Every structure is written in structure tokens, then in C-alpha cells.
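I opened my notebook to record what I looked up about helix packing and chain contact. Here are the entries in order.

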Amino acid sequence: MTINEIQDELIEDFAFFEDWMAKYEYLIQLGKELPLIDEQYKKEEYLIKGCQSKVWLHADHRDGKVIFTADSDAIITKGLVGLMIKVLSGHTPREIASSDLYFIDQIGLKEHLSPTRANGLLSMVKQMKLYALALQANES
Amino acid sequence: MERTAVLERFDVEKVREDFPILTRTVNGKPLVYLDNGATTQKPKQVIDAIVNYYTQLNSNVHRGVHHLSQLATDAFEVTRRILRPFLNAPHEHEIIFTKGTTESINLVAQCYGKAFVRAGDEIIISAMEHHSNIVPWQILCEERGAVLRVVPINDAGELDLDTYKSYLNDRTKMVAITYVSNALGTINPVKEIIQAAHAVGAPVLLDAAQAIQHIPVDVQELDVDFLAFSGHKMYGPTGIGVLYGKEQWLNAMPPYQGGGEMIKEVTFAKTTYNELPFKFEAGTPNIEAGICLTHAISYLNELGLPNIAAYENELLAYATHQLTEIPGLRIVGTAREKSSVVSFLLDGAHPYDVGVILDKLGIAVRTGHHCTQPLMDRFAIPGTVRASIALYNTREEIDTLVAAVKRAAAMLL
């Protein structure tokens, strides 16, 4: 599936949630279930420091594709991190670098990407794209 | 302040009518505003004054001979005049206007530092300081080769006074301590702290940002050398702050910034500086905020700080009791002397997650480290959820908070 197909699927899934509670319960569940990152990567050099919650991000380049793993110390942030990984991981650097992440807005979670939230999520998305750009530059 | 018959009982419903923002909704729920430590809401008396300033008075101060400038200057200086008795300062010219507490502290760190701090000297702060009462002193110490000494706290969040006293010596050039902790609510025994510092000849700066709206402050009774606070945390406008300083210190300090207003005479060879307070007030101040701060102070004066404190303390006790009933909830900051701040953690839940859910329920609290990272490190926690109570909060709002925290616990744990 392309990045946009995955985004569209998520938008469709989220349309079934009747209220914010259901949506957040899903995120929390997602956060709890996903063992997102290998413990060896949960250290300073992989840390993206938000003011409030921390996010660890690791990228692997395999067969022309970028595999992201990540984690957070806050469960809602972790759920959102999980969504980002679902959308961006496993695609080529070019696809990731040029992607437009419209799903966050459409599923009504845009506030979490606001700089005032200071949860590290915005920096994580930037970092993911930077990885992709750097890999893309290396390829060409 | 005389306790009037009308205020025998604190009429919170009437008080709430003065704050238009309290009727709005957030995420479809009535707003419960419990982030007063960050900034307070403004009564209509202040809001009306802001509108009146721009519709009737707007003009630069201390400059023009024209009528409007005169009116604006008079109104601006009324605030200084009303602040003098509010703080019981000996002189009006000991009251310096700044942008806020942060600038007040930076002013003292830089100007006092230039005049009095040398290599090997010592500055004392505490483990519960806000970053704005840590970093200016760190910068000063780095510049001067001075030493920063940090008074530790106990598990309840109270200062270790014995250690503090053991730090005092003839190299101590400043004691900069918060009056009330923004993250924990601890009220420090400032009078004792000041007396001990004076015994070795060291001046004391009190960060009163979280005290001035809750506790009557008498600078002469405290014998404090410098006192810093912000307008926006005391129901006034943003962008105006106050530095009270004893005349003899202020006169002995060089100016903070150069510019208009702070000068007496300028030639390219030499500039002579203006007298207090203008020596420290270079450039056009925040005129609107300066003028309208008067209305916030009048508002506090009318209600009476002792009445406000009594009411807030009652709510604090209620909130502490109700929150403590929640299984897995831990209060961070359990000092015997506390202001109306409840910082807490739900075991197993990140404060950020709790804050997000409370927000969805219309409740504004602060989550995170509260600009006190060393303090959070002291407790080995990433942060807390902080409910800070103001004069317009109610028992019903505390009940809403408690119910919401229970709901967050059910979702997160």
C-alpha cells in the first residue's frame, strides 16, 4: 500500500469512533500493545526530547526501504507514534520525504502536532523526513 | 486591610461574574481553569481598563507636554503609587517596572552582579527554583567566576534550613529564593531566610511570582532587599512586572539597559543617568499593561488578600483531601506551609497523558516539569500534573477535576 492508501484506511477506521473517548482508548490500546523499539535504541542518541514526553526513534535502511521503530514514555504519544510508523515505515526515502501527512488532521488529532504540546511528536515527524532526505541524497 | 462585613463570607459566585472567560466552554464542556500558576484570568475591571486605555488615553509616557501624554503618564504613575502601600515599600521610586518576574530577576543578577559579585563569591539559590531564578545566576556565576550553591529540600518539598544556614558566610553575595514554589506550592519561611542572610551581610531576592496573588507582602516587615513579581499572575495584564529594591542597593547598581528615559544628559563624551526609578526603565514601557495593573491591584485590595487566602486555602484542603482518595494518586509537595497548588502523579501514568485527557474534559491544568527540571530530577519524576487554584475556583470545579482524574485513571491504567 502507498503512504496515502494507508492514510485513507486510517481515516476510514477512525470514522467509526463515536467520540473522543473511543478514539483515545484506541490510541492508548495501540500504545500499550506495540513493543515499538529495541531496548538498545532507548538511549540518549536516539532520543527526541519534547518538553513533556520523550520519543525515541530509530531508522534502518533495508532493500531500499526505511524501517522506523520508535517509542515514547507517554502512552498517548506512543499511540500516535505507532500511527506515524504505520504510515511511513516500509517506504522508500523518496516516498517518505515527499509525503503529505494529512491523516492526522482528518482523524482529529491535529492538536498533538502543535508545537505547544511539546510532546516530541512534531520533532519526530521532522526527524523521519530528515532521515529520508539524507538517504535520498546518498542514493543519488 | 479591614475585613468588611460584605466579605464576611467570600462570595465566589459574585466574583465569577467579574471574569467573563469563565463562562466559555472548552471541547464542549464548561471551562474549569486550574492553571492559575501559569497565568490568571482577568476581571472585567481590567479588561474594561484596557479598552479604555486605547480608546481614551493612548500616548507615550514621561515625554510629551501634550494633554494625552500627561494623562497617560499620570495613569501610569498611579500604578506605582498604588503599589507602594500594596507592598508597604518605603518609597515609590523603589518600584521599578519590568516585563515580568524573569526580567526583574535578570535585572538584579546583571546590575547587582556587575557592582558586587567577584571571583570566588557565592550565590545561594534553592533546589525548588523556577528556571528563571536559576539561569540568570548561573550566567552571572560563569561570567564572574562565582560559585552557585543550591539549598536542598526534603521529601515533603521543604527547604533544608540547617544546610542553608551552613552555606552562609562572608563570601555570600546574594540569596535568591522563591517565596512560594510554583511546582509544589511550598511557602518558604522567608523571614527567617532573610534574617540569616542579613547576619552575614548578604542581600536577599525573593521571587514572589507565586506569592503576590495569595499572601499579603510587606517588604519592610520582611526586610527583603529585592522582590520580583508579574502582573499577569495577579489578575493583571501580561507584559508588566515589578521589581522592588531597597534604595541603597538600586542606587549602588549600574543601569540595566541604555536608551531613552533612563538618562539625565547625553553627550558623546559622557551620559549621566536619570534618578530612580527611571534609571532602570530604558525605552517605552508597556504603558497599557502598566496602567491597567492598577485595576488588578484594586481588585485584590477590594476583596482583601487575607479573605482570598482563607478561601483558597479551604479549596486547597478540599482538593488535597479529595484527590488523595483516588487509588494510586500521589501528591508531590506536602509541605506544612502550602499555597493553593496541588501537584500530583497517577502511578503508572505519564503526566502528559493525564493532561491530555483532562483537557478533553474541559479542564485546564499544567503538566510537565513546570520550568523546574532540577526539582523534578530531585524527585526522580518526569513531571507532574499541577492544579493551581485561584480566587474564582469553586468546590464544584474541584469535584469535576477529581471525577476527571478518576476517568483518566480508568482509561490509562
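**Entry 1: two helices of chain A**

Which residues in α2(A) meet which residues in α3(A)? I noted first that this is a predicted model. Then I listed the contact. From α2(A) come A:Tyr24, A:Leu27, A:Ile28, A:Leu30, A:Gly31 and A:Lys32. From α3(A) come A:Ile75, A:Ile76, A:Lys78, A:Gly79, A:Leu80 and A:Gly82. I sorted these residues by class and got 7 nonpolar, 3 polar and 2 charged.

Next I looked up the geometry. Helix α2 covers residues 20–33 of chain A, and helix α3 covers residues 75–88. Their axes come within 7 Å and cross at roughly 85°. Angles of 65 to 115 degrees count as roughly perpendicular, so α2(A) is roughly perpendicular to α3(A).

**Entry 2: helix α2 of chain B**

I moved to chain B and checked the length of helix α2, residues 44–57. It has 14 residues, which should span 20 Å at 1.5 Å a residue. The end C-alpha atoms are 18 Å apart, which agrees.

Which residues of α2(B) are buried? I found B:Val46, B:Ala49, B:Tyr53 and B:Leu57. I wrote a reminder beside this list. An α-helix has 3.6 residues a turn, so residues three or four places apart point the same way. The buried residues of α2(B) pack against α3 (67–87) and α10 (287–303) of chain B.

**Entry 3: α2 and α10 of chain B**

I followed one of those partners. The axes of α2(B) and α10(B) are 9 Å apart, and the packing angle is about 150°. Angles over 145 degrees count as roughly antiparallel, so α2(B) is roughly antiparallel to α10(B). Their crossing is right-handed.

On the α2(B) side I listed B:Gln45, B:Val46, B:Ala49, B:Ile50, B:Tyr53 and B:Tyr54. They meet B:Glu288, B:Ile291, B:Cys292, B:His295, B:Ala296 and B:Tyr299 of α10(B). By class, this contact has 9 nonpolar, 2 polar and 1 charged.

**Entry 4: one loop residue**

Where is B:Gln41 found? I placed it in the loop between β3 (32–33) and α2 of chain B.

Leaving out residues up to four places away in sequence, B:Gln41 touches B:Phe19, B:Ile21, B:Leu22 and B:Tyr33. I also looked at B:Pro237. B:Gln41 and B:Pro237 are 196 residues apart in sequence, yet 9.2 Å apart in space, C-alpha to C-alpha.

**Entry 5: α12 and α14 of chain B**

Helix α12 (residues 351–360) and helix α14 (residues 395–412) of chain B pack at about 125°, with axes 9 Å apart. That makes α12(B) oblique to α14(B). The crossing of α12(B) and α14(B) is right-handed. In α12(B), the contact uses B:Asp353, B:Val354, B:Ile357 and B:Leu358. In α14(B), I found B:Ala404, B:Val405, B:Arg407, B:Ala408, B:Met411 and B:Leu412. The classes are 8 nonpolar, no polar and 2 charged residues.

**Entry 6: where the chains touch**

How many residues does each chain give to the contact? I noted 12 residues from chain B and 13 residues from chain A. On the chain B side, α12, β16 (366–368) and α14 each supply at least two residues. The largest share, 5 residues, comes from α12(B). By class, the chain B side has 6 nonpolar, 4 polar and 2 charged.

Definitions and conventions:
Residues numbered from 1 in each chain as written. Chains lettered and ligands numbered in written order. Predicted model: local features only at pLDDT ≥ 70, side-chain atom pairs only at ≥ 80, totals over all residues. Axes fitted to C-alpha atoms, helices over the stretch in contact; angles between N-to-C directions. Helix = DSSP H or I, 4+ residues; strand = E, 2+ residues; numbered from the N terminus. Parallel < 35°, antiparallel > 145°, perpendicular 65-115°, else oblique. Left-handed = near helix turned anticlockwise from the far one by under 90°. Contact = placed C-beta atoms within 7 Å. Nonpolar A, V, L, I, M, F, W, Y, C, P; charged D, E, K, R; others polar. Expected span 1.5 Å × (residues − 1). Buried ≥ 20, exposed ≤ 12 C-beta atoms within 10 Å, placed from the backbone.
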